Amino acid sequence: MADSETDSIKSASGEISREFKTLVDSQDLELIKQSQNLILGRLQDSNAVLSHFNEYSENCFTEVYADFAKNTRVLRSMKSDLDYIFQKLRSLKKKIAATYPDAFPDHSTIEALDQRPDLELPRDS
């Protein structure tokens, strides 16, 4: 009985697989396979180009990193120096205004003289 059961299962599965083969056209499958191979080739080419670009970018970055870091330190130092200078100027203006009230016509003039842009905030334009 076991042999007849396995034979019937084999014949049924063979029949099902033949029916599935009739559902799909072999030319359509071949066209899909060609399209997939074409896409795979293009993706491999793109991957090679991107890998080359990444290597080139990394080399360029290593060349300019030292200069960039040095210039960043210089700019931060300049900013702190300018902040200190403007702070001293503000305090001097306040002292002059307190000692000589007629030195500045009114309070709005002092504010107008101390209008430097805040470099930390983004501009609206």
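1. The model under review is a predicted one. The partner is Phe61, and the arrangement of Phe61 and Tyr65 is tilted, with 5.4 Å centre to centre and 50° between the planes. The word "tilted" applies because planes under 30 degrees apart would count as stacked and planes over 60 as edge-to-face. Phe61 is also partly exposed, at a relative accessibility of 48%. Phe61 and Tyr65 stand four residues apart in helix α2, so about one helical turn separates them.

2. The overall fold may be considered next. The protein chain contains three helices and zero strands. Read from the N terminus on, the order of its elements is α-α-α. Helix α1 spans residues 2-23, helix α2 spans residues 26-99, and helix α3 spans residues 107-113.

3. The average pLDDT of the protein chain is 85, and 82% of the residues score at least 70. Confidence is highest in α2, with a mean of 94, and lowest in helix α3, with a mean of 59. Where pLDDT is low, the predicted coordinates should not be read in detail.

4. Two salt bridges are counted in the structure. Side chains of opposite charge can pair when their charged atoms come close. One of the salt bridges joins the side chains of Arg18 and Glu15, at 3.0 Å from N to O. This distance qualifies because the cut-off for a salt bridge is 4 Å. Arg18 and Glu15 both belong to helix α1, where they are three residues apart, about one turn of the helix. Arg18 is partly exposed, with a relative accessible area of 48%, and Glu15 is likewise partly exposed, at 37% relative accessibility.

5. The salt bridge between the side chains of Lys79 and Asp83 has an N to O distance of 2.9 Å. Both residues lie in helix α2, four residues apart, which is again about one turn of the helix. Lys79 counts as partly exposed at 31% relative accessibility. Asp83, at 25% relative accessibility, also counts as partly exposed.

6. The surface carries a nonpolar patch formed by Ile16, Phe20, Leu23, Val24, Leu29 and Ile32, with about 620 Å² of accessible area together. Which helix supplies the largest share of the nonpolar patch? The largest share comes from α1, with three residues. Both α1 and α2 supply at least two residues each. Ile32, one of the patch members, is found in helix α2. Ile32 is partly exposed, with a relative accessible area of 47%.

7. Finally, the exposure of the chain as a whole should be noted. What percentage of the 125 residues of the protein chain count as buried? The proportion is 3%. The protein chain exposes about 11700 Å², and carbon and sulfur atoms supply 60% of that area.

Methods:
Residues are numbered from 1 along each chain as its sequence is written. This is a predicted model: local features need pLDDT of at least 70, side-chain atom pairs count only at pLDDT 80 or more; totals for chains, interfaces and linings use all residues. Side-chain values use heavy atoms; hydrogens and water are left out. Buried means under 20% relative accessible area, exposed over 50%, partly exposed in between (1.4 Å probe, protein chains only). Rings of Phe, Tyr and Trp (its six-membered ring) pair if their centres lie within 6.5 Å; planes under 30 degrees apart count as stacked, over 60 as edge-to-face and the rest as tilted. Accessible areas come from the Shrake-Rupley method with a 1.4 Å probe; for residues, only the protein chains shown count as cover. Patches are made of residues with over 30% relative accessible area and no salt bridge: like charges are joined within 9 Å, nonpolar side chains (Val, Leu, Ile, Met, Phe, Trp, Tyr) within 5 Å. pLDDT is the predictor's confidence in each residue, from 0 to 100.
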